[in-house]
Amino acid sequence: MSALFRLLLLSAALASASLNTAFAGGVYFDINMRDPRLPVCDAPSVLSAVKRTIARADHVYRDGLTVEAMDLVGETSFTRNRKSPVARRYCRARAYLSNGREHPIYYMIEEYAGFVGLSWNVEACLPGHDPWKVHDGHCRTVRR
C-alpha cells in the first residue's frame, strides 16, 4: 500500500469520525440558526423556482408543458431533525399550464440543496406527467 493511499485513507477516516461526532452531538453545520430556515411556499422566489424547475425538465418527461401561473398555494408539511437534520417544506398549489389546463403541482423546498449546499433548492412534480417516475408514483417524494 503506497504512502499516498494510506494518507488518503487516514484523512477519510478522520473526516468521517469528526462528522459522526458532530451529528451525534446535535451540532449541525448551520449558518442561519433562525427559524424558519426556508422560505414560505408562496414566496415569489420559490414560485419562480418551481416554474423554472418544470420548464427546464426534459420535454419528453413533461410533455413540453410549462407552468404559466400558480394559485391556491399552501404548505402541507414541514420536517426537520427527523431521519435527516435537513429541513424540508412540502407545498401544494394549483398550476395553470401552457396547454390551458389547471393541474395540481407538488413541490418541496429543501435546505442546503442549492449550489454547493449554501442555499435552498426546489423539487417540483406534476402528477400524471412523470412517466419515468422520477418522483415515484403520484409525486410521492415531494408530497406529504
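The model is predicted, so local features need pLDDT of at least 70 and side-chain atom pairs count only at pLDDT 80 or more, while totals for chains, interfaces and linings use all residues. Residues are numbered from 1 along each chain as its sequence is written, and side-chain values use heavy atoms, with hydrogens and water left out.

**Disulfides**

Begin with the cysteines, where the count comes to two disulfides, a disulfide being a pair of cysteine sulfur atoms within 2.5 Å. Select Cys41 and Cys91, which are joined with an S to S distance of 1.9 Å; Cys41 sits in the loop between helix H1 (3-24) and helix H2 (44-56), and Cys91 in strand E2 (residues 88-97), 50 residues apart. Helices (H or I, at least four residues) and strands (E, at least two) are DSSP runs, numbered from the N terminus. This link is left-handed, with -75° about the S-S bond, and both Cys41 and Cys91 are buried, where buried means under 20% relative accessible area, exposed over 50%, and partly exposed in between (1.4 Å probe, protein chains only).

Next select Cys125 and Cys139, joined at 2.0 Å from S to S, with Cys125 in strand E4 (residues 121-125) and Cys139 in the segment after E4. The link of Cys125 and Cys139 is left-handed too, at -65° about the S-S bond.

**Nonpolar cores**

Now select Val50, Met70, Ile105 and Tyr107, which touch the most other members of the largest nonpolar core, a set of 22 residues. Such a core consists of buried Ala, Val, Leu, Ile, Met, Phe, Trp, Tyr and Cys residues joined through side-chain atoms within 4.5 Å. Helix H2 gives the most to this core, with five residues. Apart from it lies another core of six residues, including Tyr90, Tyr106, Met108 and Val142.

**Salt bridges**

Finish with the five salt bridges, each a side-chain nitrogen of Lys or Arg within 4 Å of a carboxyl oxygen of Asp or Glu. Select Glu75 and Arg89, which meet at 2.5 Å, N to O, and which link strand E1 to strand E2; Glu75 is partly exposed because its relative accessible area is 43%, whereas Arg89, at 6%, counts as buried. Then select Glu110 and Arg88, whose closest N and O atoms are 2.8 Å apart, and both of which are buried. A further stop is Arg140 with Asp136, at 2.4 Å between the closest N and O atoms; last, select Asp71, Arg94 and Glu102, which salt bridges with shared partners join into one network.
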